[in-house]
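Work through the two exercises below with the sequence and the structure at hand, and try each task before reading its solution.

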Amino acid sequence: MIAKNLPAILPLIFLASALLIPLLGVWKKKIAYPFAITATLAAASLSVYGFIYVILNGTITYYFGGWVPPIGIEYVYDPLSSFVAVVINVVALLVLTHGYSVVKIDLEGRQVAYYSVVMLLMTGFNGMIITGDLFNLYVFIEISSLSGYALIAVGEKRAPFAAFRYLIIGTIGASFYLLGIGFLYFISGTLNMNDLALILPMMKDSPTILVALILIVVGLGIKMAIFPMHGWLPDSYTYAPTTSSALIAPIGTKVGAYVLLRLLFFVFGIDYFSNELPIADLIAVFSCGGIIFGSVMAIASKEMKRMLAYSSVAQIGYIGLGIGLANPFGFIGAVLHLLNHAFMKACLFIVAGNLRTKAGHSDISLMDDSFRKKYPWTMAAFTVAALSMVGLPPLAGFFSKWYLVLGTIESSRWIYLAVILLSSLLNAVYFFRILEKVYMRSSVKYKSDESYSDNIRQDEVVPSMLLPTLVLAVGLIVLGILNVFIVNQIYKMMPEGL
Amino acid sequence: MFDFIAGHYDYWFIISLITIGLYGMIIKKNLVKKLIGMTIFQASIILFYISSSIKAGATVPILSDKFNSADVANYINPLPHALMLTAIVVGVATVGVAFALLVLIYKRYNTLDEKELIERMK
């Protein structure tokens, strides 16, 4: 019963709580947080249940109002979408657990509105993942983007301007996507993804479809911040409040990447976008540019959150590269990196948030070993996540890079291989300089001051913030160890013909 | 050639609107003008859907003897119009959020000029 309706339940849980939180908030302000976390917990456990159900019993489809597609709107819960749903809902649950204390400090008195918008954001993300209808997807893209702008704008003094820029660029992206599905609809007469996948091969030579494909790739490229369309990302992530950036950075661009993956591999078909047209190569080349550019800019940033934002540009490049390779290993690498990077980035942004709450800043040049002494667990989690980003086995980040490398070797793209290896080195540079400062650089300026260093007491964040940090860090080790099992599941998600 | 240009006049109109919108968003320095560009851009896409689904001499999609719509070829496909109603709502929401952001920016920096704004942020 629950399984049959699961595709509709997931977005509805969040939509209902987005509406109920402000209503109940009028009566009692404190109810907002428990309500939001309960909804997220319910969604996370349902999506885990749904993933197991789909793996065992096959795809669930849900027809809205009982209208059979292609007339009605269809929600599809297949192995790939259920997998991504698990990733985003679990990460959101951890980030919101962490958010309790942070939001209380950062956004005093505005929690009701904040959590309501967070729920709306999750509605958008879940809907984008589950829907099987192109126009429905557009509406969910806009729901998630609009709430994203709001969540970013409540941050620091400069945040509204960053959010406005994101709004202008994001609207161009969404409008390009809308224009693209317009072309597709007028030539094929359907908006249903499965239906369209059957119709498109019959009219392969039509230039209309080519234009639609380009518009959709550019539109979604802006949403997932593929280089050189990443301009909105660094400022937005830097100036957003901790919980917003920890929520949007790991999930937002990943969902964009998922949508691109879904449309390219499952609707347009691998043959069309990689063999007949050089779209796949273009995506791969731009992603490589993003990997190098993002890593170099991350090295140049002096502030931790900005560094992480640029590192996001680079990491999205890995997913784009996996999509662009268009071979089985590339697909596995992209999907696995989607999971791993969501966990790594959530962990790193949460650590940056912990530092900002306790130390008041996350400026890299001011870090020294007093950080290690004051926040041992936070810095331990940071170390695990940083090593995973660099790609040391057995941490999760190693395996997604491993599959991407296998993918480049399989297609004999040696330049891409060089880019992946070089970027690992650059990752090492920008993470190790923090680790070096935190573990090596003495906070004692003069030797006579040694008593000072003994006086530094442990000053760790509250348990509700520490626990999610540690769970994410341990999760990276667990994901690394379980990678064989996960990759076996990813084989089931592959489109036919790959 | 003339037929090609004259026969697609609505598309030329939409293309020029899209260009004007993009121009406004990219070149104009005033944030409100950027927003106006964005609205024009969105409107052009709505017009694209509407003008593409138009059919001369067709009737409403209601199955009734009055409208002579028993034959499929006689009525206009209502779906693009319905889609665009949703897109209009989305557009209105976007403009609403954008204006809220502009109010915030103006309160904090007392200007909406991009150059000036970047200057004051330093």
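**Exercise 1.** How many residues of chain B are in contact with how many residues of chain A?

*Solution.* This is a predicted model, in which local features need pLDDT of at least 70 and side-chain atom pairs count only at pLDDT 80 or more, while totals for chains, interfaces and linings use all residues. Residues are numbered from 1 along each chain as its sequence is written, chains are lettered from A in the order in which they are written, and side-chain values use heavy atoms, with hydrogens and water left out.

Step 1: taking contact as heavy atoms within 4.5 Å, 37 residues of chain B touch 29 residues of chain A.

Step 2: the two chains bury about 2900 Å² between them, and 82% of that lies on carbon and sulfur atoms; buried area is the accessible area (1.4 Å probe) lost when two parts are put together, summed over both.

Step 3: the side of chain B that touches chain A receives at least two residues from each of α2 (9–27), α3 (31–52), α4 (79–109) and α5 (114–121) of chain B, and the largest share, 17 residues, comes from α4(B).

**Exercise 2.** Describe helix α10 of chain A, residues 242–268, from its length to its end.

*Solution.* Step 1: this helix (a DSSP run of H or I, at least four residues) has 27 residues and reaches 38 Å from its first C-alpha to its last, close to the 39 Å expected at 1.5 Å a residue, where the expected span is 1.5 Å times one less than the number of residues.

Step 2: α10(A) bends by about 35° at A:Ile248, with the proline A:Pro250 following within four residues; the bend is the angle between axes fitted to the seven residues ending there and the seven starting there.

Step 3: just after α10(A), A:Gly269 takes a positive phi of about 90°.
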